[in-house]
Amino acid sequence: MNRDGVYITKRDGMAVVKLDSGYNIGVPPNTCRFISRPEPVTIKQHDVIQNTSLPHLAIVSTGGTIASRIDYRTGSVTSQFNANDILTAIPELKEIANYRTVPLATILSENMTPAIWQELARAVYREIQNGAKGVIVTHGTDTMGYSAAALSFMIDTPVPVIFVGSQRSADRPSSDNAMNAVCAAAAATSELGEVAVVMHATTSDDTCAIHRGTRVRKMHTSRRDAFRSLGIAPIGDVSYPSRKVTLTKGAVRRGTSPLAIHDALDPHCALLQSYPGMTPDLLNAYEGYHGIVIAGTGLGHTSTTLIPHLKRLCDQGALIVMTSQCMHGRVCDRVYDTGRDLLSAGVIEGGDLLPEVALVKLMWVLGNEKDSLKAAALMQSDLKGECMQRSAHGL
Amino acid sequence: MDYKALGLVAGIEIHQQLDTKEKLFCHCPTTLREIPDHDGEFFRYLRATVSEMGEIDRAAQEEMKHDRKFQYFTYDTTCLVENDEEPPAPVNDEALSICLTIAKMFGMTPVPQVHIMRKLVIDGSNTSGFQRTALVAFSGTLPDGGHIETICLEEEAAQRVKDEVFSLDRLGIPLVEITTSPDMHMPEDVQKVAEYIGMVLRSTGKVKRGLGTIRQDVNISIAKGARVEIKGVQELDLIAEVVRREVQRQHNLLSIRDELRKRGALAGSAAGVDVTALFGETKSTVLKKAKKIHAITLKGFAGLLGREIQPERRLGSEMSDYAKKCGVGGIFHTDELPAYGITAEEVAHLRTYMGAGEQDCVILVAGASEKQASCAINQVIKRAQLALSDRPVPEETRKMLENGSTAYMRPLPGAARMYPETDVLPVLIDDTRWETITIPELLTKKAERFVQAFGIEKNYALQLASSEKLPLFDQLVQEGIKPKLAAFTILSTITELRRDGVDIRKISDQTYVDTLHAVDNGRAAKEAIPEIFRNVAAGSTFAEALEKLAPSVSRADLEIIVKKIIADREDFVLQKGKAALGPLMGVVMAEVRGSVDGKIVSEILKKEISAALAIKKP
């Protein structure tokens, strides 16, 4: 039986063919016969006129797709990254600001590196210096929390720097990308003056939460409202579709910090989680590291068998910071013997730092402060709202 | 109507829910729930995604004419997959097997590798904005020479509660979509094919039963008309009528076009006119409430908007459906005015203002905003232009109304609304899998077998074969119950009880088994079956229900009872002779309260009546 279709690709030994009805099927490649090559597809371009009387925002893209186009033939999603494309896909953005787009990288966020954080910080710095009233950074959600923390430390910003992404792919009509982008733009033109993540606050399309860049964590693999502030409440929210931005008293206001960049990072840092049965030989792999963050158990513990090895790493000059895998609450290594022994070995308490924020902070501190005592003191002081002296929020 | 002359071509798509344990792309049960049982809700907006051509699918575009906020009800039987908050699980293998079984029953060829697709649907019925669907097999045949083009495995959409509120219990239930070739030419043929396919589907014993579990979409066109897809015909008996009415509608739209052209009609190329000021003092509640009222004059259309094109549908209704896509409640046109609180003076004033002559029709739309009113009047103009065009029957997806007429839903979607579901891996259908699929016996064949083997009457046998209780019947027969008794109990007794208001859901299969065994071994009479069932339905255990019948009566006891009854009615017996049997049967049965088979009672009664008559004879 013969059937016409468009050959799309070969995958796992099968030829994927699209039939006229739009359905794809897989058939053995040797059953296909070439008929002709289809007309190349010409994509319609839409020219969008921006309203220059609106505030000027910069959109820096790292590969998170704020807007994307689906190729119906192959099913692949292509990231769209000029202002025309974005404003065609999400027309409401036109009502909020006019935009300059800066393509920085096209990577999956799990492939993010400290070097790209540095490039990102420089790009954001340049945009603010050139007059942007706010910056939107589009980012994959996997490591968005890490990047937001990194920029929090690297840049002192007078304007909002808003990280945004989508949990549900931009190629689906139900995607959270459009609402998140609109709320991010609203937050970027608001009175905020710090680095924040703006994502869905609930499973409904009603509110986006504004999270401080150093207190935010992805807490669910797939839900729209995966991003949560830990240890504090969100610093504000954006209602949708009204786009009304509400900031809490604690949110840093626009213009508070003069623009500055401190983009040095020491990437020789690691994050490890202690667990029952963890063997000390694992720690050998960390020889030569300048800094190590431990996500300890409970109040900040490891198995006592690890302590002599941690001491050796400390003695060799590594700065070891204890945090807790509990995520909520602060560490206290003065309650049990194990904790005291860890302190004696040279490990320092990381307060209520989130483990991954502690890692990013450690890279930044070691990059900027060579004196180990001063570096340890910096780790324990609050720089960007990451390390709170009072535990107010609880679970 | 001469359907042949009109060039009727019709095909049918049958959507049948499968009775699987779990949904197609998650592990939730396929249970339908009562709306008040929902334990959560959320809401979303859907937006059409841009196609590879930089365009939005025309059907999707139509649904996007006004902002729509969709609300969803969740249950303790739904999960994050239905909420579009989690990627789908792999395809449910049980559902795929049923689909392959059905494909094999129609002699179809399976695709070597099944790919899951996303079909763009943004009317709110799918939280994701698309329906997952996969083409599983091609090219089947029907006994009368017709063809089946494809069978697809799809996920069911969410059930609309009302307006833009949906219930997620139904979303994700597996269903098969069977598409026939457009090779039917008479309305009755379409119905016959639907009936046959439905019978084949039920033969698997793996499909859901009851209202709404099978739906037919009918594709219809006539020679100068256009292909129209009518969705959601649930009642089989209505299919032929739906086809007849659609032919009528297309035929009438063609005649209206000819009439319009003869009159030199024009469908206002200009935009609508703001006539809000004309209705400042109106008594019409709709117009009074409106923020903006727009009007358009359709030259030469007078009288034609009000002309019926199928029962209870007019060209005006078609325009109204188009306008509703912008969120307005409908339209007013001068063919039906004055009415609805709009006075003759207002109509006259409007006509003058719009410069409309007697041959012209003026249309009004009342919007909640300038944007809405102008959107709606443009839709009216668009539909009017179509009515005048070379193709006055637009290609549309329509929904069935009660009795078989239809209303416009959206344009027919293009093939561009289909793209791959990247979150689900393709499934290989190799020869081994295909060969292990066994074909179940067709219900019609099964019925024939019942007729031959058990002597069950033909219609009754077919009813039995299609009954949900068929597995119970098989079990009863296997356990030695007489087939006719088993069939009678399952079909007739239970139907009568149901009509009597007995809650037959409370009668378990085990109760059938126990009861019929009790009848078989003489512990209960056949006549006592309804009584036992009534008691069980009312809450008794089977043992209690049996106990409530009179205690078991021995043959010797029965003879004594019968003798006493005859002695007490000696005169009656003498007077009636053997004809006393009938009336006395009732008396004896009441006395033994169903604990003895009527046959035995009748036999003893006959004997004793004869004896009594013999003694008394001179």
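Helix axes here are lines fitted to C-alpha atoms over the stretch in contact, with angles running from 0 to 180 degrees between N-to-C directions. This is a predicted model, where local features need pLDDT of at least 70, side-chain atom pairs count only at pLDDT 80 or more, and totals for chains, interfaces and linings use all residues. Residues are numbered from 1 along each chain as its sequence is written, while chains are lettered from A and ligands numbered from 1 in the order in which they are written.

Let's start with chain B. The axes of helix α18 (residues 555-568) and helix α20 (residues 581-592) of chain B come within 11 Å and cross at roughly 130°. That makes α18(B) oblique to α20(B) (under 35 degrees is roughly parallel, over 145 roughly antiparallel, 65 to 115 roughly perpendicular, the rest oblique). On the α18(B) side, the contact (C-beta atoms, placed from the backbone, within 7 Å) uses B:Ile561, B:Val562 and B:Ile565, and α20(B) brings B:Leu584, B:Val587, B:Val588, B:Glu591 and B:Val592.

Strands pair if DSSP finds at least two bridges between them.

| Pair | Sense | Bridges |
|---|---|---|
| β1(A) (residues 5-11), β2(A) (residues 14-19) | antiparallel | six bridges |
| β2(A), β3(A) (residues 24-27) | antiparallel | four bridges |

In the β1(A)–β2(A) hairpin, two residues sit between the strands, and A:Asp12 in the turn has a positive phi of about 50°. A:Lys10 has A:Ala15 of β2(A) as its bridge partner. The hairpin of β2(A) and β3(A) has four residues between the strands, with A:Gly22 at a positive phi near 100°. A:Lys18 stands opposite A:Asn24 in β3(A).

Technical notes: Two residues are in contact if their C-beta atoms, placed from the backbone, lie within 7 Å.
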